Amino acid sequence: MTLILTLHEEPVVPLEADVLCPDRLAGAGRAEIEALPVWHGHERTRVGEFFSVSGAGDDVRLEGDLSRVKFVGAGMTAGRLTVAGDVGMHAGAGMLGGALHVEGDAGDWAGAGMRGGTLVVHGSAGRRLGGVYPGERAGMRGGEIVVHGDAGGQAGAGLRRGLIAVAGRIGEGAGLRMLAGTIVALGGLGPRAGAGMRRGSIVTMAPATPLATFVFSCTYRPPFMRLYLPRLRALGLAVSDDQIDGRYARWCGDGLELRRGEILILEAGA
């Protein structure tokens, strides 16, 4: 069975609701769920003021326009959470496990600081996808983020570990100061990708011009593509056999750092 929370009162200002995750909702009774605290702007209120509760079970489904609801699924450790529409900022931030599926678009900072689990956005995502919060040393430290649309700027900023894959285009500064991990942009990269990166891999299937601080290394078939790309296909992305088996131009950088990172660009005509 599925536990369903339906938005019946749209928030006037952003609603901070980190309690909307399976850890707090699965197995709880209707009255208990309705009493959970949320913040509507500076006002402390409760879930029942905005959501009606029906059904029961370990799978949780949120229905309605949640574009002004922040921190949905933040810190979740297990279970499955589905948002049947758009969701606001910080969705899945700090996730440790479980699966969060957003059937619409996700706001800025989706998956920021993730350490595990899977975040799937069937629409597009805003800025700082899987990014690093101000004052912290690293952003995403594990897990998988898959976006079926586009992603905003600075996706994977401070990435230390894990996988970010975007079917569309990623905006400027992808992998800004990333420390490790992998970013895959099937639809292309914006300018300044990999600026300040120390390690890790940024992969694109569209033509790209690396920063002047990157140097060309070689053209080859990266073995890890035969592991990563079939996984992305299993998660619903349109990955072709030519991309899995294709040859990629390898650019090493950023030369202002360790130059142990890489940008891999699919060879034209592959």
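Biologist: How many aromatic pairs does the structure hold?

Modeller: This is a predicted model, in which local features need pLDDT of at least 70 and side-chain atom pairs count only at pLDDT 80 or more, while totals for chains, interfaces and linings use all residues. Residues are numbered from 1 along each chain as its sequence is written, and side-chain values use heavy atoms, with hydrogens and water left out. Rings of Phe, Tyr and Trp (its six-membered ring) pair if their centres lie within 6.5 Å, and planes under 30 degrees apart count as stacked, over 60 as edge-to-face and the rest as tilted. By that criterion, the number of aromatic pairs in the structure is three.

Biologist: Which class does the pair of Trp109 and Tyr133 belong to, stacked or edge-to-face?

Modeller: Trp109 lies in the loop between E9 and E10 and Tyr133 in the loop between E10 and strand E11 (141-147), so the pair ties together parts that are 24 residues apart in sequence; strands (E, at least two residues) and helices (H or I, at least four) are DSSP runs, numbered from the N terminus. Because the ring centres are 5.0 Å apart and the planes are at 25 degrees, the pair of Trp109 and Tyr133 is stacked.

Biologist: Is Trp109 buried or exposed?

Modeller: Buried means under 20% relative accessible area, exposed over 50%, and partly exposed in between (1.4 Å probe, protein chains only). Whereas Tyr133 is partly exposed at 22%, Trp109 has a relative accessibility of 16% and therefore counts as buried.

Biologist: What is the distance between the closest N and O atoms of Arg30 and Glu34?

Modeller: A salt bridge is a side-chain nitrogen of Lys or Arg within 4 Å of a carboxyl oxygen of Asp or Glu. Arg30 and Glu34 are four residues apart in helix H2 (residues 30-34), which means that about one helical turn separates them. Arg30, exposed at 54% relative accessibility, forms a salt bridge with Glu34 in which the closest N and O atoms lie at 3.1 Å.

Biologist: Which residues are joined with Arg61 into one salt-bridge network?

Modeller: Arg61 forms a salt bridge with Glu103, with 3.4 Å between the closest N and O atoms. Since Arg61 lies in strand E6 and Glu103 in the loop between strand E9 (99-102) and strand E10 (118-121), the pair ties together parts that are 42 residues apart in sequence. Through salt bridges that share partners, the network joins Arg61 with Glu63 and Glu103.
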